[in-house]
Structures are given as C-alpha cells and as structure tokens.
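The sequence and structure come first.

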Amino acid sequence: MERGADKGVLILAAGIGGAIGSTLAAAVAAMRGSPELVAPYLMTSGRLPQIGEAPDFRLAGWDVRAVSMKEAVAAQGVLEKGLWAPYAEEIAQVPVKAAPSADMGLSAQVEQVKADMAAFQSIYPDMRPVFVNLLPAGSSHDLDRFESLDALYREVASVALPDLVYVLAAVEAGIPVANFTPNMVEIPAVAAAAEKRGVPVAGRDGKTGQTYFKVVLASALRARGLFVNGWYSLNILGNADGENLMDPAHAACKLENKTDVLEDVLGYSPGMKQFGRSAHKVHIDYYPPRGDAKEAWDVIDFESIFGLSMSLRLNLQGRDSILAAPLVLDLARWLSAARAAGRGGLVPELAFYFKKAAGEGAAVGFSDQLAGLDQFEKLLNARLKEDA
Ligand SMILES: NC(=O)c1ccc[n+]([C@@H]2O[C@H](COP(=O)([O-])OP(=O)(O)OC[C@H]3O[C@@H](n4cnc5c(N)ncnc54)[C@H](O)[C@@H]3O)[C@@H](O)[C@H]2O)c1
C-alpha cells in the first residue's frame with residue numbers, strides 16, 4: 001500500500017480546455033485563496049481525513065491544442081470575469097499539453113501521454129495524481145471482446161480511440177481514473193489491468209443534474225409504492241457538449257444511460273403495463289441562448305390505489321459545469337484515497353456519482369448509493385489507518 005497523508009491531489013484532466021475543465025481550473029485556484037467559495041460544496045470536505053483534512057488540489061491536463069487556461073476560462077464563459085479574475089494568475093499557471101495526434105497509432109499515443117503524466121508529476125512531486133476524462137461524448141466502440149491489453153494493442157493499433165489512450169496511459173502509470181464522459185472505457189481489458197495493478201477506475205457519465213434528481217424522485221416514488229406510468233424528460237443546453245450531442249451517434253450512449261437509470265431504480269419499465277411500450281422519453285436539444293445554463297423539464301405520471309392518476313412537474317434551471325466541477329473534485333479525492341488504500345479495479349461503490357456505474361453490484365437507488373459511499377469511506381479509512 002502507498003504511504004503518506006495530506007499530500008493533496010493532482011488532477012490530470014483530458015479535455016481541460018472545455019466547459020468543465022475550465023470551471024475546474026477556476027475552482028481549484030479559488031480554493032487556495034477563498035476556500036469558502038468551493039470547499040463547503042464538496043461532499044468529501046471533512047471526510048477522508050487520512051488523505052488530508054482540507055481538500056487541496058492542483059490541476060494539469062491536455063486539450064487538442066495547448067490552450068492557456070486563462071483563455072479557456074474566458075472563452076468558455078461559465079463564470080463571469082469578476083468571479084475568476086482574482087485568481088487569473090494561478091489559472092494561467094495550470095500546465096496544458098497538446099493531445100497526442102491520432103495518426104501516431106495507439107501505443108505511441110499512450111507512451112506520449114505517459115511521458116506527459118510523468119512531466120506533470122515532476123512539477124508537483126508530493127501530490128497524488130488522479131486522471132479525469134472530460135473528452136467530448138464520442139461514438140460507441142465494441143471493445144468488450146478484448147480480455148487483455150496485449151490483445152487490444154494488437155487489434156486496434158490504428159483505430160482512433162482518444163479516451164482509451166488516456167485511460168490506458170493512466171492505468172499503466174498507476175494513476176486512478178474517473179471517467180466523467182458517457183464513453184465506454186471501463187472495458188474488461190482495462191478493468192483486469194487496473195485490478196492487477198491496484199489502480200481504481202470509476203465511471204461512467206457524471207450524474208449531475210436531471211438524472212440525479214430522477215434517481216432521487218424515482219427512489220422516493222418506489223419507496224411509497226407509487227406506480228409510474230410515464231416519465232417525459234427534456235433538456236435544453238447551449239454549450240459545446242449540447243452541440244456535440246446533436247450528432248445521434250454521439251448522443252446514443254448518453255441517452256441510453258439517461259434512460260436505463262429509471263428502469264434500474266424502479267425495477268420496471270414505465271408504460272409497459274398500460275401501453276405495452278416504454279413511456280420513458282428522454283430528449284436533448286441544443287439551444288444556443290442557454291450556454292452552460294442548462295434547463296431540464298420532467299413530467300412524471302404516476303398512480304396509486306384504484307389506479308387514480310397524478311402527475312408531478314420538475315423544472316431544473318441548472319448550470320452544467322457548476323454542477324459537474326465539484327463532483328470531479330470529490331471523485332478525485334475518493335479515488336486518491338482508494339489508491340492509497342490499495343483498492344484497485346472498477347469501483348462500483350462510487351455509483352452515486354455516475355449515470356451508468358461500472359462494476360459488479362453497483363447500487364441503483366438513492367439511499368443505497370449514499371449508504372454505499374458511507375461504507376466505502378469506512379473501508380478506506382480503516383485500511384489507511386492500519387497502514388499509517
Ligand atoms: N456538464 C455536465 O453536467 C456533464 C454531465 C455528465 C457528463 N458530462 C460529459 O463530460 C464531458 C466534458 O463535458 P464538457 O461540457 O466539459 O465538454 P466540452 O465539449 O466543453 O469539452 C471537451 C474538451 O475536450 C477537448 N478535446 C477533444 N478531443 C480531445 C483529445 N483527444 N484530447 C484532449 N482534449 C480533447 C475539446 O477541445 C474540449 O475543450 C462530455 O463528455 C460530457 O458529455 C458532462
């Protein structure tokens with residue numbers, strides 16, 4: 001097991017110049033001078049004392065071109081300038097490297113990213129690195145047939161798999177992985193290698209806004225025996241993620257994750273009993289005026305005794321990256337603790353944070369997911385205490 005507490009966490013983010021990455025940069029910088037702006041909103045504040053009482057982070061990462069983080073924060077516009085300007089100097093110092101070129105082939109790209117990871121670590125030698133995948137949603141690939149990394153390297157040597165490049169580099173370098181995207185990187189070959197090397201891997205698809213409240217409400221309806229006949233969900237968002245999701249191939253995994261979660265929580269498919277078909281509809285629409293300020297509507301039709309119907313409407317006026325960034329910070333702390341405690345392989349205990357949690361036996365209901373976190377915390381703290 002790794003030793004050493006309170007070193008702080010070095011977040012290595014792929015897609016660092018995007019909406020979430022730039023918000024993270026501002027949050028990490030603000031945390032040092034004005035922790036009250038960020039720390040109270042983290043679930044791990046005051047938890048996991050073995051890896052440090054106060055959350056302490058640094059950030060580095062990659063984007064398609066090595067953008068300056070100050071420019072990225074300004075260009076993304078998630079935060080008004082007045083909110084990040086006091087930390088502009090620290091934000092500007094976040095190291096950013098260019099993504100490896102897809103023309104290089106899989107293993108050369110992985111080697112380059114591993115060298116970049118080592119270079120980032122040499123800037124912050126005392127910190128614990130955690131990799132976070134923030135790349136855009138991509139098309140799905142069926143890579144489940146590979147049981148080992150060797151077979152994967154042999155057969156997909158020249159296929160463009162940007163997410164996998166970073167994930168393979170992280171696992172091979174012993175760096176924990178959080179996959180915030182809907183892209184399927186937690187494939188058997190990666191899970192087996194991560195298990196063997198004691199590297200925790202958690203994913204997939206951050207559960208930030210509409211789906212989070214869907215899990216909460218569906219769990220509450222189920223707990224009361226209220227029967228759901230239909231659930232209509234609409235999202236409008238105007239950031240790059242929203243634009244990218246207008247491509248049906250890119251939206252497919254996200255829509256599947258957003259749809260499956262309801263059946264998993266309720267234990268049945270709404271609409272099947274009455275209409276013989278699913279009445280759970282999920283739509284995502286790119287609507288530029290909204291930028292990162294995403295809006296979601298849910299209409300939930302349900303019934304109770306005598307089959308009498310009722311309905312509930314939920315309107316979330318959220319902020320995509322403001323909801324996402326604290327989850328990324330929390331995931332980084334959980335995974336850093338898991339690595340220190342020698343917990344490798346897929347980590348279904350972190351199901352609370354994901355729409356489609358990878359790993360055997362991931363909890364699906366709200367209270368089970370929260371209880372799973374508590375149990376995980378106890379396990380990690382006990383292991384870290386033993387080791388201290
Ligand atoms: N914001 C949320 O609430 C939320 C919730 C769940 C999942 N997600 C997912 O998180 C991911 C990131 O979201 P975002 O809003 O920051 O997206 P974004 O489009 O704003 O950012 C993605 C960034 O990745 C960069 N990029 C593209 N290819 C790259 C490569 N090969 N290497 C390095 N960088 C590359 C892009 O240039 C861009 O800066 C998306 O997959 C999104 O679906 C977001």
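**Ligand shell**

Around the ligand there are 31 residues, of which Gly15, Gly18, Ile20, Ala99 and Thr181 come nearest; a residue is near a molecule if its C-beta atom, placed from the backbone, lies within 6 Å of it. The model is predicted: local features need pLDDT of at least 70, side-chain atom pairs count only at pLDDT 80 or more, and totals for chains, interfaces and linings use all residues. Residues are numbered from 1 along each chain as its sequence is written.

Make-up of the shell:
- At least two residues of the shell come from each of helix H1 (19–33), strand E2 (57–63), helix H10 (240–244) and helix H13 (320–340); helices (H or I, at least four residues) and strands (E, at least two) are DSSP runs, numbered from the N terminus.
- H13 gives the most, with four residues.
- Domain 1 (9–206 + 321–387) and domain 2 (210–317) each contribute at least three residues to the shell around the ligand, with domain bounds from an automatic or database domain assignment.

Gly267:
- Gly267 sits in the loop between helix H11 (248–266) and helix H12 (272–275).
- Gly267 counts as exposed because it has 10 C-beta neighbours inside 10 Å (exposed means 12 or fewer).
- From Gly267 to Thr44 is 223 residues in sequence and 30 Å in space, C-alpha to C-alpha.

Helix pair:
- The axes of helix H9 (residues 210–223) and H11 come within 9 Å and cross at roughly 20°, the axes being lines fitted to C-alpha atoms over the stretch in contact.
- H9 and H11 are therefore roughly parallel to each other (angles under 35 degrees).

Notes
Buried ≥ 20, exposed ≤ 12 C-beta atoms within 10 Å, placed from the backbone. Axes fitted to C-alpha atoms, helices over the stretch in contact; angles between N-to-C directions. Parallel < 35°, antiparallel > 145°, perpendicular 65-115°, else oblique.
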